[in-house]
Amino acid sequence: MDARIRGKDGRGVTAVVARPGYDREGAFWQTGRELGGIVKRVVDRSSGIAAAAARTSDVAIPLILTVRDGTRVVVGHACPAARALGIRVGMATTMARAMVPALDVRDADPGGVAADLHRLALFALRRWTPGVAVSDADGLWIDLSGVAHLHGGEARFCRRVLRFCARLGFTARIAVAGTAGAAHALTRFGGHAAPMLESGAEAEALAPLPIDALRIDPAAADRLRRLGVETVGDLIAMPRAPLNRRFGATVLRRLDQALGRVAEPIVPVVAQAVPFARLRLVEPIATADAIAQVIGDLLALLVVELAARGLGARRLELRCERVDGQAQMVRAGTARPNRDAAHLARLLVPKIETIDPGFGIDAMTIRAVASEPLGATAITTIGEDAAPDLTILVDLVAGRVGTHRLFRIGAVESDVPERAHARAAPLSPPAAWPAAWPRPVRLLDPPQRLDHVTALLPDHAPRRFSCRGHVHDVAHGDGPERIYGEWWRRAGEADAVRDYFQVEDASGARYWIFRRGDGVDGRTGDMSWHMHGVFA
Amino acid sequence: MSNIARTERLDALRDSVRAIERGGAGAERPPVLPFGVAGIDERLADGGIAGAALHEAAGADAGMGADAAATLFLAGIAARLTGQVLWVLSRRDLFAPGLQQAGLPPDRVIYAETGQDADTLAVMEEGLRHGSLAAVIGEVGRAGLTATRRLQLAAEAGGTTALLLRRWKRSGADPLAEPSAAATRWKLAPAPSAPLPVAGIGRARWQLSLVRQRGGDIFDWTVEANDAAGRLALPAGIRDRAGAADRSADRGAGRAGRRVAA
């Protein structure tokens with residue numbers, strides 16, 4: 001790792017210190033996630049960022065970001081305009097407000113800043129170099145070993161990185177050095193814009209810098225300062241053994257790391273790529289059998305990659321590239337993470353008929369666009385009665401009719417019949433209904449209005465009613481089952497009542513009918529009768 | 001002695017291997033599901049509902065009562081099987097709490113909603129061939145001879161019971177007039193139930209007609225409708241009333257209990 005950092009030419013590491021929010025001209029833009037929007041607005045208004053910065057700096061309102069220090073709320077960051085007014089980092093926010101009444105105070109968002117820094121690191125990983133690490137809250141290490149010449153040399157690379165950060169709205173500082181520690185120190189405490197440090201020159205370059213540049217903890221730095229050790233040069237001149245005894249190994253290790261005496265491995269960020277498999281075909285194919293064969297081969301490759309990462313596919317995307325440059329897409333989903341090639345093939349193969357091969361397909365790619373962790377699962381032993389695995393069936397049917405049209409129906413806690421059920425995922429265990437009251441097997445939605453109802457109010461089932469022009473004479477009836485409206489849903493249901501009756505007409509058919517209202521009080525309903533369901 | 005024990009063990013192992021080869025399910029499922037009612041089972045060529053075969057039911061008329069009776073009849077057959085049931089819907093009027101009271105709790109039924117009969121039949125076939133379901137119930141308006149033959153073959157291939165509910169269309173054509181490859185075809189209509197000595201409503205009755213069966217004759221029954229476990233019963237004759245009271249007390253415990261509570 002040491003050799004890689006130092007590189008062949010001795011210059012390996014670039015530290016980019018992106019300090020969100022602070023502009024060289026003194027204009028405060030914004031931090032964290034809001035950055036994109038603000039920058040866009042500035043750029044829209046004027047031709048360039050520099051011009052915009054110059055304009056906004058004239059009218060800049062002093063801005064501070066607050067952080068919590070125990071129970072106190074203190075200034076975490078202050079823009080140059082605020083600093084010019086005497087506000088210092090670490091000062092109580094109330095004091096800053098008292099000093100500058102027109103202060104723009106916002107909460108710091110360390111999580112958002114860290115997320116943005118990680119995204120920046122991923123971008124650098126894809127575009128610039130294979131080794132990028134997040135160094136601390138506001139810095140990146142970029143390993144330049146063997147890649148600087150691809151960007152036209154270190155100086156041009158640094159200018160490019162600075163321009164890129166400026167476009168994003170970050171003020172960045174950059175330094176190139178042979179060790180990560182030296183690059184870190186020079187970016188934060190070095191003088192000019194982009195110092196390029198020759199390898200072996202770390203000791204002279206770091207000597208005038210304050211000891212804080214060495215990434216030692218503030219308490220140790222304080223004690224060193226009390227002893228009169230102000231700069232790195234003073235520290236280098238000290239005898240090592242007493243230093244080690246007094247301050248522990250950390251101070252010396254940091255010094256040695258900066259000077260390149262001991263190795264400092266950096267842990268690079270890793271981009272999680274979507275698992276995929278790709279096959280280019282020697283001859284274009286157009287038949288369903290050939291496509292199915294290639295799908296099988298692709299899936300065999302894909303499951304190896306999925307297994308290596310411990311993942312199972314949830315959504316697959318098959319892309320068939322035709323000889324005329326057009327691409328055909330086929331998608332399939334699974335109900336549970338899965339990396340069984342045969343299962344996945346059964347989902348994709350029926351969809352071959354939707355692929356138009358044109359003059360032939362010469363390349364196919366399969367990507368697991370959504371995947372989830374999938375560990376090993378136990379298979380059942382002989383003699384044990386296992387619940388059948390419905391995953392394959394669910395995936396096949398869902399692929400045919402659509403995911404949302406394959407479901408279970410489970411109970412919802414509501415007395416109102418049409419609200420008492422809800423759809424659930426086909427592999428989830430749904431809740432059951434309380435079995436106390438009879439429920440029909442077919443429910444009419446909306447309920448059918450009944451006419452010419454003869455009934456004895458308030459508590460008796462009707463003797464006769466007519467529905468859709470047919471007159472039904474009731475032979476037997478049972479009820480009522482009273483269901484109250486759910487006042488917490490709608491104000492109109494506050495007093496509403498439905499009285500449900502199960503009635504059997506002369507032919508034996510059984511219906512579930514209800515009356516709006518309790519039969520006495522007009523506020524509970526309009527006493528109209530409706531058919532809501534059929535028992536048999 | 002030890003020889004016999006070894007043979008038994010070998011037989012048991014062979015059964016387990018067969019069960020594993022069939023996908024781990026349905027090893028002990030009997031090929032025929034009897035109704036448990038002597039008067040019905042003795043009229044059926046198979047002695048009950050053949051397991052790996054297609055069975056159809058429809059309402060005797062276009063009325064809602066007949067349609068609901070046919071639905072419950074098929075739900076009762078599925079309820080008496082063990083395992084998961086796939087219910088392929090064509091309309092949105094099925095009420096799951098009602099199915100639970102016919103013996104199909106929500107954790108036993110998976111619903112698939114399709115727009116057309118062709119999709120319904122295709123999804124049914126998929127479910128039948130999968131082999132680990134107890135039954136697949138489909139609601140269709142029309143299904144020709146070819147479609148039903150495909151279902152019958154899929155049911156045999158997967159060892160799964162296929163139940164086809166033919167629903168009346170607005171045109172009023174009898175859905176069972178179409179030819180079909182089903183093993184049995186049933187027609188249901190509600191029948192007036194026996195009056196109770198008190199006000200209220202007793203166990204429902206159906207007019208159950210077996211309008212076609214392979215290798216057997218047609219027949220008509222008046223039956224007492226499904227209980228909470230999906231079992232039918234024959235109504236007791238007047239002479240058996242006293243004895244029947246005990247039987248119906250335990251059969252229809254839930255229903256009677258509800259009525260008293262109401």
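Okay, let me start with a question: in S6(B), which residue is the bridge partner of Leu86(B)? It's Val136(B). Keep in mind that we're looking at a predicted model here.

That pair sits where strand S4 of chain B, residues 85–89, meets strand S6 of chain B, residues 135–140. The two strands run parallel, and four bridges join them.

Now zoom out to the sheet. It's an open one with 10 strands and mixed pairing, and the order goes S13(A)-S12(A)-S5(B)-S4(B)-S6(B)-S7(B)-S3(B)-S8(B)-S9(B)-S10(B). From one strand to the next, the twist averages 25 degrees.

So where do the chains join up in that sheet? S12(A) pairs with strand S5 of chain B, residues 109–113, in the antiparallel sense, over two bridges.

H16(A) packs on it, touching S12 of chain A and S5 of chain B, and its direction makes about 105 degrees with that of S12(A). Over in chain B, helix H5, residues 117–130, lies across S4, S5, S6 and strand S7 (161–166), running at about 175 degrees to S6(B).

H16(A), residues 391–401, also has a helix partner: H15(A), residues 341–348, packs with it at an angle of about 20 degrees, axes 9 Å apart. That angle makes the two roughly parallel, and the crossing is right-handed. From H15(A), the contact uses His343(A), Arg346(A) and Leu347(A), while H16(A) brings Ile392(A), Asp395(A), Leu396(A) and Gly399(A). By class, that's three nonpolar, two polar and two charged residues.

Back to the interface as a whole: 53 residues of chain A are in contact with 54 residues of chain B. The elements of chain A that each supply at least two residues to that side include H16, strand S12 (406–411) and strand S17 (470–484). Chain A's side divides into 32 nonpolar, 10 polar and 11 charged residues.

Of the contacts in chain B with a separation of 6 or more, 66% are between residues 24 or more positions apart.

Note on methods
Residues are numbered from 1 along each chain as its sequence is written. Chains are lettered from A and ligands numbered from 1 in the order in which they are written. This is a predicted model: local features need pLDDT of at least 70, side-chain atom pairs count only at pLDDT 80 or more; totals for chains, interfaces and linings use all residues. Axes are lines fitted to C-alpha atoms, for helices over the stretch in contact, and angles run from 0 to 180 degrees between N-to-C directions. Angles under 35 degrees count as roughly parallel, over 145 as roughly antiparallel, 65 to 115 as roughly perpendicular and the rest as oblique. A crossing is left-handed if the near helix is turned anticlockwise from the far one by less than a right angle, and right-handed if clockwise. Two residues are in contact if their C-beta atoms, placed from the backbone, lie within 7 Å. Ala, Val, Leu, Ile, Met, Phe, Trp, Tyr, Cys and Pro count as nonpolar, Asp, Glu, Lys and Arg as charged, and the others, Gly among them, as polar. Two strands pair if DSSP finds at least two bridges between them.
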